[in-house]
Amino acid sequence: MLAALRKYLMVPKLLRLSAGAPKDHHLAWDRFWSGVKTTGASGDVLWDSGSDHEMQGYLGRLRLHLDPALPVVDIGCGNGSFTRQLARHFPHAVGVDVSDHAVRRARAESDGLANISYAVRDMTAAGAGSWLGEELHALGGGRGGGGAPRAGANVFIRGVLHVLGERDRCALAENVRAITGVNGRVFLAETDFRGNAIDYVSHLGATLRSIPAPLEGAIRGLPMPGRFGPKERSLAFPASRWTLIEDGPTTIETMPLSNPVRADLIPGYFAVLRARNRD
Ligand SMILES: C[S@@+](CC[C@H](N)C(=O)[O-])C[C@H]1O[C@@H](n2cnc3c(N)ncnc32)[C@H](O)[C@@H]1O
């Protein structure tokens, strides 16, 4: 019992570390990405495991539900680790992120790959989805042409909705509607950790004595993450606007944190959706 409570002695340290994080979330993300020196399994980005193992687990569902002839948009792409993996399975992958430094990094890490592009966009801003839809149409993503309804694009979201507040999640979902057109589908995978912030950082290897450096970097600089599960999905993607095709538990993989060699695993939630009532 006492041992279980000991982790709460971390509270003052965590409060001190997080006190300096910029209150403006977009600034926080950009500052974070500007400080990243390396990515992958031994890098600075805790949610980048440096492996395609997590993606391998998604592929069956992507193949089942998403039209492989359509392009895919990776919303909140970060350094593009998933964008690059998506580009192996779709004709074109577009990564978008609110952080200019993230997009610069993603471009540098994707150098030489022909069917990938990136853009800096706040995907909670009004009109961001229509703009992207038009760009994709120009790229050839909207089959049909001649006034036919736009086929649209698929949307992939990993680890983004759980860092947004409820209003921003709803705004992002509206932008996603504008991208998916008639045939596009959404695949999302988010952390859905059931516990408080102390349980969460303990799960990722923080102890009274030490905090893994990438975790400490995130605590110091980034907005406090929440969780995103079925309840949060039904609020952001309501049944009046979206049809739920499939959902369930999944696992989000991080770089090794609580041990030197194995990815850490965070309980997560996935969903596949399509927009309904299109006018
Ligand atoms: C936890 S990271 C996940 C990155 C990437 N999806 C991955 O799994 O490797 C969250 C990403 O969302 C981006 N982000 C946060 N708010 C955003 C917004 N409003 N519009 C677009 N991207 C956003 C951040 O800059 C960051 O790169």
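Colleague: By class, which residues does the lining of the largest cavity have?

Modeller: The lining has 2 nonpolar, 5 polar and 3 charged residues. Asp, Glu, Lys and Arg count as charged, Ala, Val, Leu, Ile, Met, Phe, Trp, Tyr, Cys and Pro as nonpolar, and the others, Gly among them, as polar. This is a predicted model: local features need pLDDT of at least 70 and side-chain atom pairs 80 or more, while totals for chains, interfaces and linings use all residues. Residues are numbered from 1 along each chain as its sequence is written, and side-chain values use heavy atoms, without hydrogens and water.

Colleague: What makes Trp47 and Glu253 part of that lining?

Modeller: Both line the largest cavity, so each has an atom within 4 Å of a cavity point (on a 1 Å grid over the protein atoms alone, where a 1.4 Å probe fits but cannot get out).

Colleague: Why is the contact of Arg61 and Glu246 called a salt bridge?

Modeller: Their side chains meet at 2.8 Å, N to O. The limit is 4 Å, from a side-chain nitrogen of Lys or Arg to a carboxyl oxygen of Asp or Glu, so the pair qualifies. Arg61 lies in helix α4 and Glu246 in strand β6, so the bridge ties together parts 185 residues apart in sequence. Helices (H or I, at least four residues) and strands (E, at least two) are DSSP runs, numbered from the N terminus.

Colleague: Glu109 and Arg84 also meet in a salt bridge. Why is Arg84 called buried?

Modeller: Arg84 has 16% relative accessibility, and buried means under 20%, exposed over 50%, partly exposed in between (1.4 Å probe, protein chains only), so Arg84 counts as buried. Glu109, at 27%, counts as partly exposed.

Key: On a 1 Å grid over the protein atoms alone, a cavity is a set of points where a 1.4 Å probe fits but cannot get out, and a pocket is an open set with protein on both sides within 12 Å along at least five of seven lines; lining residues have an atom within 4 Å of a point.
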